[in-house]
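Work through the exercises below with the model open. Try each task before reading its solution.

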Amino acid sequence: GLDENTEFDMLQTRIKQVEYLAAKLDEYGIPYQRPVGGHALFIDADKVLDQVPKEEFPAQTLTIELYREAGVRGCEIGENRFDGNDFLRLCICRRTYTNNHMDVIAAALKNVYDRRHEIKRGVKIKWEAELMRHFTVKLEPLQ
């Protein structure tokens with residue numbers, strides 16, 4: 001990984017893929033943090049799931065919804081991990097990803113975004129570790 005991440009062709013490919021995904025999200029009106037970076041895109045979960053209360057972890061809820069929609073794994077960067085804004089982090093850090101993969105991610109996010117008003121509840125913590133709970137937290141969906 002260290003050697004690979006110093007190869008300019010590989011870095012350029014990753015940057016272009018992040019930009020490609022961002023352009024798709026622009027087409028669908030999905031809010032994300034700007035400007036995009038070279039390895040990841042951060043979806044603004046507070047704006048996507050604006051009916052999910054902050055204490056019900058909108059970014060974690062969006063992460064779960066994206067996984068349920070298309071098996072796309074993301075990472076919650078929000079109240080569960082830090083205080084502050086809630087983001088779904090999509091890290092594009094593998095040489096094997098193609099623009100077809102970006103299309104699947106974008107389509108899945110669009111599907112979740114299109115039904116965002118149906119998602120009114122998030123999750124609650126069932127159990128958490130004393131330190132760094134985001135690694136081992138157990139969550140339960142709220143109805």
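**Exercise 1. Find the partner of Arg115 in a salt bridge, and say what the pair ties together.**

Solution. Start with the rule: a salt bridge is a side-chain nitrogen of Lys or Arg within 4 Å of a carboxyl oxygen of Asp or Glu. Arg115 pairs with Glu69, and the closest N and O atoms are 3.4 Å apart. Glu69 sits in helix H3, while Arg115 is in the loop between helix H4 (99-114) and E4, so the bridge ties together parts that are 46 residues apart in sequence. Helices (H or I, at least four residues) and strands (E, at least two) are DSSP runs, numbered from the N terminus.

Two notes on the source. The model is predicted: local features need pLDDT of at least 70, side-chain atom pairs count only at pLDDT 80 or more, and totals for chains, interfaces and linings use all residues. Residues are numbered from 1 along each chain as its sequence is written, and side-chain values use heavy atoms, with hydrogens and water left out.

**Exercise 2. Which residues are linked with Arg115 in a network of salt bridges?**

Solution. The network links Glu65, Arg68, Glu69 and Arg115. Take the Glu65 bridge to Arg68: its closest N and O atoms are 3.5 Å apart. Both residues lie in helix H3 (residues 58-70), three residues apart, about one turn of the helix. Now check exposure, where buried means under 20% relative accessible area, exposed over 50%, and partly exposed in between (1.4 Å probe, protein chains only). Glu65 is buried at 11%. Arg68 is exposed at 57%. Arg115 is partly exposed at 22%, and Glu69 is partly exposed at 29%.

**Exercise 3. Where do Asp114 and Lys110 lie?**

Solution. Both lie in helix H4, four residues apart, about one turn of the helix. Asp114 is partly exposed at 47%. Lys110 is partly exposed at 28%.

**Exercise 4. How many disulfides does a search of the whole structure find?**

Solution. Apply the cut-off: a pair of cysteine sulfur atoms within 2.5 Å. The search finds zero. For Cys75, the nearest cysteine sulfur is that of Cys91, 9.0 Å away. Cys75 is partly exposed, with a relative accessible area of 26%. Cys91 is partly exposed at 25%.

**Exercise 5. Locate Phe135 and say whether it counts as buried or exposed.**

Solution. Phe135 is in the loop between strand E4 (123-127) and strand E5 (138-141). At 57% relative accessibility, Phe135 counts as exposed.
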